[in-house]
Amino acid sequence: MKEFSKMIANRLSLPVHYIENVLNLLGNGATIPFISRYRKEATGCMNEVQIEEIQNLYERLTELNKRKEAILSTIEAQGKLTDELKTRIESCWNSTELEDIYLPYRPKRQTRAESARQKGLEPLAALLMAQREYNLMKRVSEFVKGDVANAEEALKGAKDIIAEQLSEDEQCRNIVRNAFSRQAVISSKVIKGKETEEGALKYHDYFNFSEPLKRCSSHRLLAIRRGEKEGYLRVSIAPSDESFCIERLRHRYIRSTGLCSDHVSDAINDAYKRLLKPAIETEFAASSKAKADEEAIRVFTNNLKQLLLAPPLGQRKVLAIDPGFRTGCKIVCLDEQGNLKHTETIYPHPPRSEYKQAGNKLVKLVEQYRIEAIAIGNGTAGRETEKLVSSLRYNRELQIFVVSEDGASIYSASKIARDEFPDYDVTVRGAVSIGRCLMDPLAELVKIEAKSIGVGQYQHDVDQTKLKASLDRTVESCVNSVGVNINTASRHLLTYVSGLGATLAQNIIDYRTEHGQFRSRKELMNVPRMGSKTFEQCAGFLRIPSSDNPLDNSSVHPERYSLVERMAKDLNCSVKDLIKQKDLRSKIKIENYTDENVGLPTLNDILKELDKPGRDPRQQIEYFEFSKDIHSIDDLQEGMELPGIITNITNFGCFVDIGIKENGLVHISEITDKYIDNLSDIIKIHQHVHVKILSVDKTRKRIQLSMKGLSSH
């Protein structure tokens, strides 16, 4: 681990001892959220991103080390492992270089070169490479025997051996690799006969496409690769000047003129076209795809984080509506905890058009269930339903919100929803989810597989293992940054709490069902399979608002309760007094409470938490209203300025909901006049913006928007 720590420290420009501390904590089962929040002195106040990077680098180095051990074992079994080769392999920490070193020793299938070797033509290949033989054909005739029928076959076999040797030579591969690095161009062409197929039309921009690989953006590369996978495009990567690449190889290997050199030149051409170019092309195709995947995953995780941390309404009584025309609008009434209290269907829209009856029913339900807010799904009939709801007079002040149906539609058809509401259909489940998404987006969206939430770009085309790992870490980070009320949280929410997981989450639910609400964090130790290590990892992220100890509803870790109690004792007051009275907290001299385990970072965190215990780091929800004059794409005119909500952010711009079925695109060039390095630094999911209509393509249902010079918040 010490060697790895030094390498990681050099790579990240961080002190070695902090790296060692992080790796020790991770090795002992600590989670990234726990380390980031509660072990700041040990890590030098590293954030979750830095800790995750250390973890990823350590895992990659560990895998590379295992690969080196396997390579050494294979070469040793062949009897070819020299001290020099062993030293070189052991000191190599670059995976590409390592595979190049190993390539000549890799067990081979029956290649053309291997067949030629079996015919005894390796000495002839060496003779050609020496390029000193002036009576070549006489020497070649010596090899025409056995399975070699004639001189032509002998020369062909010898050149096959040379071509393979060149393709396995490190310097030779690096010549080609460097040419790809500088000049690689990715090209795509439509496969003949596929031009008019319906599925191919979405790839029309790539029917005859060419661009330097280093300038090909993530979304374009993934689109091209998807077109290739679906059988519409033929894709290639090659240096723009292949003749220069071949000339470099000739310059390295051609040492004279004459017949031998001519044959070596032929072998170089064959090595490049048949072996080197395809191998390096595959390498660059994989590395460019991995880079595009990484960027797409970064965009997705940023968007997901913003979506999960969207402002919650909080614990309010909510009436939620899943709108519809022919099938009606499904209504559910939820209590403050999101429990379903009532459901029925109204039919205010065509074909039944029971507008008055629907309005009367809504007013009655608001009064009966003391509703505080109404959530309306933004799908089909959403705007029409919003118009109805807003036109009614209620016996109380109400907030009306339009809520995205994306998560609700996925949840309603899931096994989780069927288990939770076995006696109700998808429309009721969907309406419940719409209401709960308004109350607490995080608590509701964790029930859905993260990649199914439509806030990414080409998420189904990227490495699914890496995507899942990244999204799971994002969800875990969001859940733990907010904290979880252990007495109201679902099993799915508890699963993401630091140190828990599915089994312990279910055990907590079972314990809560049997014994009632938790009264203190200490009581967690009574949950089956809750050990002291797990308690250490999870306790600080779980909240108990009704506990007698106010610290149980804060992010102060139980291991620091005695420290806070000492502060209170020194001021002759209780912990409750310390939390309530700012003047008491101002008297605390935190330097008096430092020791070998607790430093100023932890103490400052404790004081911030005492200032606002259990505070939700998410922003306050804001009311939003679409233009009352816009209901469909037919209502749009170029030059119109409209309010909208950002629903998705990509590398090429963002999509904005302006209150109709189709979202509009604000291209990156139309967001601001300033240079944009990272879109997520200036715009956010769910941000309220004003946009101008640039163009409307009603046939293709495409809307181009601009945000330049317009306000947003």
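The structure is a predicted model, in which local features need pLDDT of at least 70 and side-chain atom pairs count only at pLDDT 80 or more, while totals for chains, interfaces and linings use all residues. Residues are numbered from 1 along each chain as its sequence is written, and side-chain values use heavy atoms, with hydrogens and water left out.

The secondary structure of the protein comes to 29 helices and 15 strands; helices (H or I, at least four residues) and strands (E, at least two) are DSSP runs, numbered from the N terminus. Taken along the principal axes, the C-alpha atoms fill a box of roughly 110 × 70 × 50 Å. Of the 713 residues in the protein, 47% are buried, a term that means under 20% relative accessible area, with exposed standing for over 50% and partly exposed for values in between (1.4 Å probe, protein chains only).

Strand β13 (residues 664-667) and strand β15 (residues 702-706) run parallel and are joined by two bridges, whereas strand β14 (residues 688-697) pairs with β15 in the antiparallel sense over five bridges. In β15, L705 is the bridge partner of V666, and L705 is also the bridge partner of I693. The hairpin of β14 and β15 has four residues between the strands, and K701 in this hairpin takes a positive phi near 60°.

The structure holds 49 salt bridges, each defined as a side-chain nitrogen of Lys or Arg within 4 Å of a carboxyl oxygen of Asp or Glu. In one of them, D605 is joined to K40, with the closest N and O atoms 2.6 Å apart. Because D605 lies in helix α29 (residues 600-611) and K40 in helix α4 (residues 40-43), this pair ties together parts that are 565 residues apart in sequence. D605 has a relative accessible area of 25% and is therefore partly exposed. A salt bridge is also formed by the side chains of E344 and K361 (3.5 Å, N to O); since E344 lies in strand β6 (residues 340-346) and K361 in helix α16 (residues 355-368), the parts tied together by this pair are 17 residues apart in sequence. Both partners are partly exposed, E344 with a relative accessible area of 21% and K361 with 23%. In the salt bridge between D616 and R618 (2.7 Å, N to O), D616 is partly exposed at 36% relative accessibility, while R618 is buried at 9%. Salt bridges that share partners, moreover, join R39, K533, E536, E559 and R560 into one network.

On the surface, R182, K214, R215 and R248 gather in a patch of positive charge. Such patches are made of residues with over 30% relative accessible area and no salt bridge, like charges being joined within 9 Å and nonpolar side chains (Val, Leu, Ile, Met, Phe, Trp, Tyr) within 5 Å. Of these residues, R182 lies in helix α12 (residues 170-183) and counts as partly exposed because its relative accessibility is 45%.

Several features of the backbone concern loops. The peptide bond from P350 to P351 is cis, with omega near 10°, and P351 has its place in the loop between β6 and α16. Although Q131 is not a glycine, this residue has a positive phi of about 55°; Q131 lies in the loop between α9 (122-130) and α10 (136-141) and is buried, with a relative accessible area of 7%. R370, likewise a residue other than glycine, has a positive phi near 50° and lies in the loop between α16 and β7 (373-377), but R370 is exposed, with a relative accessible area of 52%.

Key:
Areas by Shrake-Rupley, 256 points an atom, 1.4 Å probe, with all protein chains shown as cover. Lys, Arg positive; Asp, Glu negative; His and termini not counted. Charge placed at Lys NZ, Arg CZ, Asp CG, Glu CD. Pairing = 2+ DSSP bridges.
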